Amino acid sequence: MFRLKAPRSQMSMGGLTAGAVKCLKARSIVDHGVLDTLQAALTNKKNNRLRAAACVAVECLSLVLANVFEPFALKLLKDIMLKIGDKVKEVQAVAEPAFAALMTNLSAHGIYAVMPVFGECLCSRQVGRVNR
C-alpha cells in the first residue's frame, strides 16, 4: 500500500480523481481534460491552494495508475519540478512527494526521456529560489 504525505482534504480529492481515472481507463485523462486542468492548476500563479492540490492529484494519479500514467507524467514533470522551488512552503511540501511518486514509476525509456527536462529545470532560475 502506498502512503501520501498531504492533508486529508487534498488526499481525498486526489484519491477520488485517481480512482475515477482507474475505473474509466487511462485514456479518460485526455478525453475528460484532466491533464489540461492539472497543467492549468500547476501554472496558476495566484492560487497557492490550487497549485498544492494539483501536486497532490498528480501524486495520487502516479501512485494509483503506476506505469500507465508514465506518458502523462512526462508532460507534467517540468511543472512539478518547478513547484519544488515555489515561494510557498505548502506547495513545496506537496511537490516533493509528487515528484518522488512520478520518478518511482518511470521505466528506463521514461528516465531517458526526462533527462532534457532535468537539465532545463536545473538551469532555470525558479528552482534555485528555494528558501531553506
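The model is predicted, so to speak of local features a pLDDT of at least 70 is needed, side-chain atom pairs count only at pLDDT 80 or more, and totals for chains, interfaces and linings use all residues. Residues are numbered from 1 along each chain as its sequence is written, and side-chain values use heavy atoms, with hydrogens and water left out.

**Overall fold**

- The protein chain holds seven helices and zero strands; helices (H or I, at least four residues) and strands (E, at least two) are DSSP runs, numbered from the N terminus.
- Along the sequence, the pattern reads α-α-α-α-α-α-α.
- Of the 132 residues in the protein chain, 42% are buried; buried is under 20% relative accessible area, exposed is over 50%, and partly exposed is in between, with a 1.4 Å probe and protein chains only.
- Taking contacts (heavy atoms within 4.5 Å) between residues at least 6 apart in sequence, 71% join residues at least 24 apart.

**The largest nonpolar core**

- A nonpolar core is a set of buried Ala, Val, Leu, Ile, Met, Phe, Trp, Tyr and Cys residues joined through side-chain atoms within 4.5 Å.
- The largest such core has 34 residues, and L38, V58 and F69 touch the most other members.
- Two or more residues of this core come from each of α3 (34-42), α4 (48-65), α5 (70-84), α6 and α7.
- The most is given by α4, with nine residues.
- Setting aside neighbours within four places in sequence, L38 is in contact with A54, A57, V58, L61 and L76.

**Helix α5**

- With 15 residues, α5 reaches 20 Å from its first C-alpha to its last, close to the 21 Å expected at 1.5 Å a residue; the expected span is 1.5 Å times one less than the number of residues.
- Because 11 of its 15 residues are buried, α5 is largely enclosed by the rest of the structure.
- Those buried residues include E70, D79 and K83 as well as F72, L76 and I80.
- Their cover includes α2 (28-31), α3, α4, α6 and α7.

**The salt bridge**

- A search of the whole structure finds one salt bridge, defined as a side-chain nitrogen of Lys or Arg within 4 Å of a carboxyl oxygen of Asp or Glu.
- R51 pairs with D86 in a salt bridge, and the closest N and O atoms are 3.1 Å apart.
- R51 sits in helix α4 and D86 in the loop between α5 and α6, so the pair ties together parts that are 35 residues apart in sequence.
- Both R51 and D86 are buried.

**Two single residues**

- N105 lies in the loop between α6 (89-104) and α7 (108-123), and its relative accessible area of 16% makes N105 buried.
- The side chain of N105 reaches the backbone oxygen of S62 at 2.7 Å.
- Not counting residues up to four places away in sequence, N105 touches S62, L63, A66, N67 and E70.
- A40 is in helix α3 and, at 46% relative accessibility, is partly exposed.
- The C-alpha atoms of A40 and R51 are separated by 9.0 Å, with the two residues 11 apart along the chain.

Note on methods: A polar contact is a pair of N or O atoms within 3.5 Å; within protein, one must be able to donate a hydrogen and the other to accept it, and residues adjacent in sequence count only if both atoms are side-chain atoms.
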